[in-house]
Each structure stands twice: as structure tokens, then as C-alpha cells.
Amino acid sequence: MTRAQQTISIGLLVTSVCHLDARREKDANKMKLYLALYLQLIPLPDLISNEIIPVLPFWVIVSFGAYLLFNLGYGVFTFNDVPKAHAELMKEIDLARADLRTKGVDVD
């Protein structure tokens with residue numbers, strides 16, 4: 001990294017979070033740390049800095065997606081039967097069918 005790139009990188013680190021308020025200071029510090037690692041301002045072994053750090057945001061997104069999918073699957077798996085809600089939904093479906101039949105739409 002040239003001296004100019006290093007100076008610009010440090011400037012970006014300093015100015016990237018100047019406008020964030022105190023509530024998001026923790027997130028700003030994480031962003032500063034990742035940016036410093038990504039721009040190789042903090043020396044790490046080549047394997048980590050070239051192969052792990054660049055894909056870290058994608059890994060976080062994939063992990064979050066996997067967590068959400070698990071959460072959704074668990075919610076579907078543990079969903080309780082609600083007979084009253086089923087009967088109410090069937091009444092609404094019959095009402096919608098009757099309304100559509102009066103308008104000349106075949107719903108069978």
C-alpha cells in the first residue's frame with residue numbers, strides 16, 4: 001500500500017463515522033475495525049487478510065439468512081392448530097366465492 005493510499009484510508013476511517021450519533025457508536029466501531037482490517041492497516045497473516053476478511057460480510061449475511069430460515073422453520077414446525085381460526089377462514093372463503101359468483105366469475 002502506498003503512502004497516499006494509507007493516508008486516504010486513515011482519512012476514510014476517521015471521517016466515515018463522524019456523523020453517527022452516540023446510539024450507533026458500537027456499530028460505528030465495528031465498521032471502523034472491519035475497514036481497518038480490509039484495508040490492511042492492521043497487519044495480519046496473508047491467509048486471513050486475503051481470504052477471510054474480504055468475504056466476512058457475505059458470511060455474516062449468509063449466517064443471518066440461515067438463522068432466519070431456521071427461525072421460520074421452527075415456527076412452522078411448532079405452529080398450533082387453531083380450529084376457530086380455520087372455521088373463520090373457511091367462512092370468509094365461502095363469502096368470497098359467493099361474492100365472485102354474483103359477479104359472474106367461475107370459482108369452482
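User: Which residue follows α5, and what is its phi?
Analyst: Gly-104 follows α5, and its phi is positive, near 85°. Keep in mind that this is a predicted model.

User: What span should α5 have, and how far apart are its ends?
Analyst: Helix α5 holds 20 residues, 83-102. At 1.5 Å a residue it should span 28 Å. The end C-alpha atoms are 29 Å apart, which agrees.

User: How many salt bridges are there?
Analyst: The count comes to one salt bridge. Asp-99 pairs with Lys-103, and the closest N and O atoms are 3.7 Å apart.

User: Are those two buried or exposed?
Analyst: Asp-99 is partly exposed, because its relative accessible area is 38%. Lys-103 has 59%, so it counts as exposed. The cut-off for exposed is over 50%.

User: Back up a bit. What is the secondary structure of the chain?
Analyst: Five helices and zero strands. From the N terminus the order is α-α-α-α-α.

User: And how much of the chain is buried?
Analyst: Of the 108 residues, 7% count as buried. The accessible surface comes to about 9500 Å². Carbon and sulfur atoms hold 66% of that surface.

User: New topic. Which residues does UniProt annotate as "transmembrane region"?
Analyst: The UniProt record, an unreviewed entry, puts that annotation on residues 33-50 and 56-77.

User: What does the model show for each span?
Analyst: Residues 33-50 are 61% helix and 0% strand, with end C-alpha atoms 16 Å apart. Residues 56-77 are 100% helix and 0% strand, and their end C-alpha atoms lie 31 Å apart.

User: Which residues form the nonpolar patch on the surface?
Analyst: Leu-33, Ile-42, Leu-44, Leu-47, Ile-48, Ile-52, Leu-56, Trp-59 and Val-60. Together they have about 780 Å² of accessible area.

User: Where is Ile-42, then?
Analyst: Ile-42 sits in the loop between α2 (25-38) and α3. Its relative accessible area is 34%, so Ile-42 counts as partly exposed.

User: What about the phi of Gln-40?
Analyst: Gln-40 has a positive phi of about 60°, although it is not a glycine. Gln-40 lies in the loop between α2 and α3. At 43% relative accessible area, Gln-40 is partly exposed.

User: Now Ile-48. Where is it, and what does it contact?
Analyst: Ile-48 is in helix α3. Leaving aside neighbours within four places in sequence, Ile-48 is in contact with Ile-53 and Pro-54.

User: How far is Ile-48 from Leu-37?
Analyst: Their C-alpha atoms are separated by 9.6 Å. Along the chain the two are eleven residues apart.

User: Why does Ile-48 count as partly exposed?
Analyst: Because its relative accessibility is 31%. Partly exposed lies between the buried cut-off, under 20%, and the exposed one, over 50%.

User: And Ser-49, buried or exposed?
Analyst: Buried, because its relative accessible area is 8%. Ser-49 is in helix α3.

User: What does Ser-49 contact?
Analyst: Setting aside neighbours within four places in sequence, Ser-49 is in contact with Gln-40, Leu-44 and Pro-54. Gln-40 is the residue with the positive phi. Leu-44 is one of the residues in the nonpolar patch. Pro-54 is also in contact with Ile-48.

Technical notes. Residues are numbered from 1 along each chain as its sequence is written. This is a predicted model: local features need pLDDT of at least 70, side-chain atom pairs count only at pLDDT 80 or more; totals for chains, interfaces and linings use all residues. Side-chain values use heavy atoms; hydrogens and water are left out. Helices (H or I, at least four residues) and strands (E, at least two) are DSSP runs, numbered from the N terminus. The expected span of a helix is 1.5 Å times one less than its number of residues. UniProt positions are given in the numbering used here, feature names are shortened, and annotations may be inferred rather than shown by experiment. Buried means under 20% relative accessible area, exposed over 50%, partly exposed in between (1.4 Å probe, protein chains only). Accessible areas come from the Shrake-Rupley method with a 1.4 Å probe; for residues, only the protein chains shown count as cover. Patches are made of residues with over 30% relative accessible area and no salt bridge: like charges are joined within 9 Å, nonpolar side chains (Val, Leu, Ile, Met, Phe, Trp, Tyr) within 5 Å. A salt bridge is a side-chain nitrogen of Lys or Arg within 4 Å of a carboxyl oxygen of Asp or Glu. Contact means heavy atoms within 4.5 Å.
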